[in-house]
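Please consider the structure shown below. The explanation that follows takes up an annotated site, a helix pair and a strand residue in turn.

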Amino acid sequence: MHGGNHWGGSLEIVNSNSIAEGFADSNHNRSNNNNNNHSSSSTDDWDRAALHSQRFHHLDETQQSWLLGPKETNKKNRYVDLGCIVVSHKALKWTVASFLIAFLVIGLPVIIAKSLPKHKSAPPSPDDYTHALHKALLFFNAQKSGKLPKNNGIPWRGNSGLSDGNSTTDVKGGLVGGYYDAGDNTKFHFPMSFAMTMLSWSLIEYNHKYQSIGEYDHMRDLIKWGTDYLLLTFNSSATKIDKIYAQVGGSQNGTSEPNDHNCWQRPEDMDYPRPVQTINAGPDLAGEMAAALAAASIVFKDNTAYSRKLVKGAKTVFDFAREGGKRRPYCRGNPFIEPYYNSSGYFDEYMWGAAWLYYATGNVSYLSLATNSGLPKNSKAFYRIPEKSVLSWDNKLPAAMLLLTRFRIFLSPGYPYEDMLRMYHNTTSLTMCSYLEQFHVFNWTRGGMVQLNQGKPQPLQYVANAAFLASLYVDYLNASGAPGFTCGPNFITLAKLRSFSTSQIDYILGKNPTKMSYVVGYGKKFPRHVHHRGASIPSDGKKYSCKGGWKWSNNPKPNPHNITGAMVAGPDRFDKFHDVRTNHNYTEPTLAGNAGLVAALASLTTSAGIGIDKNTMFSAIPPLYPQSPPPPPQWKP
């Protein structure tokens, strides 16, 4: 047997003559086998195999190609030794060529691009709301009391009120600082606290926008200027207090003695007594102060020491608000407060202050109070009374319920808070429904302004607050993926509610029948006779007396100083506006009103980004549900 061929034949090849002879012999053998009755085949097989092996050697090249295919040509391959590897010369040539082509196509353009001068893409152009926001913040700089920083930015303002509270023996340095409320020189702590809460709320929700437009640090400075002062108005280092300083300056109606209302003087020139109002009960003022300090503690959470100081003060003043036997309005019977900032109740401040303290501390006792059924019952939150849906320095219900609705939308705490939170959520939706003209809850002027204060004077502060709440609710629902909400059988899209907000702010900024912007310094046409002592008296180096300054109040000429960013009181219910300094119902700005305007503008601007910061508000809240248990210890034999 031949090991190379298991079929019984040699692999050697012979010539063509042998093939022919082989075929003939094979036929001859088969014939003989048949004729000789199957003679021994073993000998024949071996003979044929040997003969076949010998004759195959005589095939020519063509015949061999038929059997074996084309004859291989021996080409000499060249190789290149690269040290760690040996490659053919041809493969090396193609590899080098490929790298060269890749360099020319990819590498060279990249090198050229990197070598060219870099030009950063320009940020998006600020929209109208951003322009107005820059200006609206300056109003707070113009309202500062105390020793002003060099970078205050209002050249016609200087140090003032440096003797405020010097009769208070328990406050080191007196009650210096804070903000003047409006066009007078009084420091009303109730609306001032509300303004600080609103500024903090806006900054927490839209901090990315303030950073984008370069106003983040400015906002923090404004808030701290207010909270530093509020911490002076009670013993913030104690855990229990028995009094709060509620107001500095002011006047009593019907008196002729020099005071903030009988005198027309720049705050820098005040030389008359400025009495301090002290209260021993006042859950409304104390609740709002707690809200302001708690909200600010979230703003300043990166400053641990200051944030803790604010939280401690908020807890102390809220305990004062909750103290039994002292639950009566802070203004009751006080002739310096009651005619100006008269509080209608305090259960809304309980809900408002408790909500902010829960967000600031994570203590569920505050959440339990905020969702206690007694608060909406006593504040008539669910009674569908139209004025209860209007946010103001006096009524915090719509803001408090929206703030707690935020908690339900994003964290869904469930039992035992869900039932009350769901009612707050439903009431918030109904509040938004009431703002829409189609449901006829409030009257509207022909020019397009909703009359949230029932046609009374000074409407714009309420309009700005409502625009903020509606825009913020849209952002909450957007962040949760909800396309809208229902008002009875009607589905309201988020775009429709946002349109309400933009229409009202646009009205304030000049899209109204008078074609006038009601924000000083914004647009080409704005009020020039603002009811404001500091802005109406020239900085001519002269000190005008209590009575001598009135000539500037009655002066028909425009103010020598524009109080940039001030939103005036606004038009009447017929869209009529009188730019007259002597009528404060048209031309006087307020701290609380401007805080709502700032918040609304920040919510609506899109040149500085969109949406809210969902998480910062909840940074102090611990996990609502038990965490997963740790894994069991590793088994040891």
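An unreviewed UniProt entry places the feature "active site" at H531. The model examined here is predicted, and in it H531 is found in the loop that lies between α17 (494–508) and α18 (533–536). The relative accessible area of H531 is 12%; buried means under 20%, so H531 counts as buried. Once its neighbours within four places in sequence are left aside, H531 is in contact with G183, W264, R581, H584, T587, E588 and P589.

Attention now turns to two helices. The axes of α14 (residues 397–411) and α15 (residues 418–435) come within 8 Å and cross at roughly 120°. The crossing in which α14 passes α15 is left-handed. On the α14 side, P398, M401, L402, L404, T405, F407, R408 and I409 take part, and they meet E418, L421, R422, Y424, H425, T427, T428 and T431 of α15. By residue class, this contact of α14 with α15 comprises eight nonpolar, five polar and three charged residues.

The last stop is a strand residue. T486 belongs to strand β6 (residues 484–487) and is partly exposed, its relative accessible area being 48%. Although T486 and N426 are 60 residues apart along the chain, their C-alpha atoms are separated by 9.4 Å. With neighbours within four places in sequence left aside, T486 is in contact with C433 and F491.

Notes
Residues numbered from 1 in each chain as written. Predicted model: local features only at pLDDT ≥ 70, side-chain atom pairs only at ≥ 80, totals over all residues. Heavy atoms only, no water. UniProt positions renumbered as here; feature names shortened; annotations may be inferred. Helix = DSSP H or I, 4+ residues; strand = E, 2+ residues; numbered from the N terminus. Buried < 20%, exposed > 50% of the residue type's maximum accessible area, 1.4 Å probe, protein only. Contact = heavy atoms within 4.5 Å. Axes fitted to C-alpha atoms, helices over the stretch in contact; angles between N-to-C directions. Left-handed = near helix turned anticlockwise from the far one by under 90°. Nonpolar A, V, L, I, M, F, W, Y, C, P; charged D, E, K, R; others polar.
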